[in-house]
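Look at the chain below and follow its helices from one end to the other.

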Amino acid sequence: MSEPVGMAAADEVTADGAGMAGGASAGAMLRQLRESAGVSIEALAGTLKVPLARLQSLEADQHDAFTDLVFMRALASSVCRA
């Protein structure tokens with residue numbers, strides 16, 4: 001199957017893990033948006049009912065801390081919704 005138009009560019013990642021949007025990594029963008037919303041990482045972990053260390057790993061782009069990439073993507077999606 002083919003990807004929807006425009007999705008391929010959004011999925012590109014450079015060698016250092018930085019995404020295409022202004023050179024900021026996905027974790028850095030999540031952290032920046034959370035902080036601009038005035039939400040502490042502890043409060044977000046409690047709201048999402050996930051360990052604080054998981055959110056810290058996500059924001060630090062420590063992808064090797066996740067054994068399941070599907071969970072990592074779902075967690076990032078939940079952070080965005082919250």
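Start with two helices, H3 and H4, which pack at an angle of about 120° with their axes 9 Å apart. Axes here are lines fitted to C-alpha atoms, for helices over the stretch in contact, and angles run from 0 to 180 degrees between N-to-C directions. Helices (H or I, at least four residues) and strands (E, at least two) are DSSP runs, numbered from the N terminus.

This is a predicted model: local features need pLDDT of at least 70, side-chain atom pairs count only at pLDDT 80 or more, and totals for chains, interfaces and linings use all residues. Residues are numbered from 1 along each chain as its sequence is written, and side-chain values use heavy atoms, with hydrogens and water left out.

Which residues of H3 and H4 meet? From H3 come Ile 41, Glu 42, Leu 44, Ala 45 and Leu 48; from H4 come Leu 52, Leu 55, Gln 56 and Glu 59. Six residues of this contact are nonpolar, one is polar and two are charged. Nonpolar covers Ala, Val, Leu, Ile, Met, Phe, Trp, Tyr, Cys and Pro; charged covers Asp, Glu, Lys and Arg; the others, Gly among them, are polar. Contact means heavy atoms within 4.5 Å.

Now stay with H4. Leu 55, Ser 57, Leu 58 and Glu 59 are buried there. Buried means under 20% relative accessible area, exposed over 50%, and partly exposed in between (1.4 Å probe, protein chains only). The buried residues of H4 pack against helix H2 (26-36), H3 and H5. Take Leu 55. Leaving aside neighbours within four places in sequence, Leu 55 touches Ile 41, Leu 44, Ala 45, Leu 48, Val 50, Leu 75 and Val 79.

Leu 55 also belongs to the largest nonpolar core, a group of 12 residues that includes Leu 30 and Phe 66. Such a core is a set of buried Ala, Val, Leu, Ile, Met, Phe, Trp, Tyr and Cys residues joined through side-chain atoms within 4.5 Å. Helices H3 (41-48), H4 (52-59) and H5 (69-81) each supply at least two residues of this core. H5 gives the most, with four.

The structure also holds one aromatic pair. The rings of Phe 66 and Phe 71 have centres 6.2 Å apart and planes at 40°, so the pair is tilted. Rings of Phe, Tyr and Trp (its six-membered ring) pair if their centres lie within 6.5 Å; planes under 30 degrees apart count as stacked, over 60 as edge-to-face, and the rest as tilted. Phe 66 is buried at 5% relative accessible area, while Phe 71, at 35%, is partly exposed.

Finally, step back. The chain has five helices and zero strands.
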